[in-house]
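Q: Please take a close look at a single part of this model and describe its surroundings.

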Amino acid sequence: MSMTGSDKTMKASADTDTDTIANNSVHARSDTSTKLNPLGTCYADLHVHIGRTNAGNPVKISGSRNLTFGNIAREAEERKGISLVGIIDCHSPGVQQDIDDYLQAGEMKELQDGGIAYGGTTILLGSELEIREAGMGPAHLLVFYPDLEAMKSFTKWLDKNMKNVHLSSQRVYAPARELQQEVYSRGGMVIPAHIFTPHRSIYGSCAPRMEQVLNPELISAVELGLSADSEMAGLISELDRYTILTNSDAHSLGKIGREYNELRIAKPNYREFEMALGMKEGRGVAANYGLNPRLGKYHRTFCGGCNYIIDEADAAVERCPYCGSTKLVRGVQDRIRSIADRTEPAVPAHRPPYHYQVPLEFIPGLGPAKFEALLRVFGTEMNILHRVSEQELAEVVGSELAERICAARAGRLALTSGGGGTYGKVDKSN
């Protein structure tokens with residue numbers, strides 16, 4: 001299979017030292033990597049979908065056409081500043097062909113400790129799958145494997161238990177616990193995805209307790225989703241044992257990194273990631289960075305009768321208080337309250353801080369031209385969000401916008417709540 005024109009322009013990076021993670025330098029891209037000694041931190045987004053293969057075949061139907069394996073790697077490494085990216089949908093044979101092409105061309109390489117290196121970024125091979133137990137609603141699981149051989153082996157099993165193995169997020173016609181066994185027997189990991197969203201999640205649409213669906217011993221972590229935070233998760237005691245992840249669930253290149261994690265690891269690879277989830281030998285998640293839940297699409301209950309987001313603090317209703325309709329999409333906050341086994345959240349000591357952060361694309365006044373100007377000067381979004389001072393930002397985009405960016409990354413912007421599939425908004429009067 002021939003490489004596409006855009007893929008031929010990808011820089012050859014097989015000889016790059018991938019045991020490096022970007023440091024705090026923001027001006028010189030040539031100086032943005034250093035060995036971790038012995039543990040450092042890096043940024044990771046572990047849930048990014050593939051829209052199309054290089055041949056143009058669909059994978060995630062709702063994903064952007066330019067959301068290819070190669071473009072994701074390039075976006076994460078060159079624009080986002082993300083050192084560990086989980087590319088979902090790698091079970092698709094067409095995607096596997098693309099990966100083989102990159103490896104054979106020497107543009108990427110497999111790492112001994114798992115993952116595929118492109119420049120200073122390591123790609124983790126993942127898949128999102130749908131389960132549905134008898135009498136329950138559907139739920140999505142993320143699966144990760146250390147190498148392409150293991151993922152190909154899993155694809156052969158999926159092909160016998162799935163209608164279309166070429167597409168993303170397809171239903172697996174096998175018991176959920178059997179699926180877990182198949183994953184871990186191949187050296188993989190299972191992470192329940194966006195666990196509170198009202199559509200296709202463990203708590204949102206499947207069951208009030210995860211243990212009713214899955215083997216609790218064969219779960220490596222849980223992913224919150226865009227409409228919840230770790231304090232909200234603290235209302236459910238069975239989650240106490242698990243590491244929490246916050247990921248973008250990106251369906252376009254621009255959405256990569258809208259939620260992400262800061263990992264404390266020695267090197268960006270699969271084994272280090274696995275140790276971080278298990279909180280072993282000092283590894284772990286140092287911080288979660290995510291949307292304030294109010295910005296999430298499903299934070300509060302939404303009425304389909306009058307198109308109203310029910311945002312009253314104490315609302316937990318079966319009928320819309322405004323029109324009386326029962327056509328409600330139960331919001332994450334209201335769903336958690338209905339299944340909680342605690343009246344107050346209890347956050348375990350091992351759980352890292354959760355930082356509310358408004359993505360740069362949400363900030364009023366930060367259009368494409370000014371955004372590109374920031375990237376030209378400071379290199380990556382992670383630099384803009386974490387390392388550049390307000391004064392430095394002001395020199396590029398002016399003091400008013402620099403102040404908004406700093407307020408956004410500190411979670412200080414006023415928000416209106418999202419619901420019913422519509423994102424919340426930043427108040428433009430900020």
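Between which helix and which strand is the loop where Pro-352 is found?

A: Pro-352 lies in the loop that runs between helix H9 (332-339) and strand E17 (354-356). Helices (H or I, at least four residues) and strands (E, at least two) are DSSP runs, numbered from the N terminus. This is a predicted model, in which local features need pLDDT of at least 70 and side-chain atom pairs count only at pLDDT 80 or more, while totals for chains, interfaces and linings use all residues. Residues are numbered from 1 along each chain as its sequence is written, and side-chain values use heavy atoms, with hydrogens and water left out.

Pro-352 has a relative accessible area of 11%, so the residue counts as buried. Buried means under 20% relative accessible area, exposed over 50%, and partly exposed in between (1.4 Å probe, protein chains only).

Some of the surroundings of Pro-352 come from another part of the sequence. Ala-286 is 66 residues away from Pro-352 in sequence, but the two are 5.6 Å apart in space, C-alpha to C-alpha. With neighbours within four places in sequence set aside, Pro-352 is in contact (heavy atoms within 4.5 Å) with Val-285, Ala-286, Ala-287 and Asn-288.

The chain as a whole gives the setting. The protein chain contains 13 helices and 19 strands. Of its 430 residues, 58% count as buried. Among its contacts between residues at least 6 apart in sequence, 69% join residues at least 24 apart.
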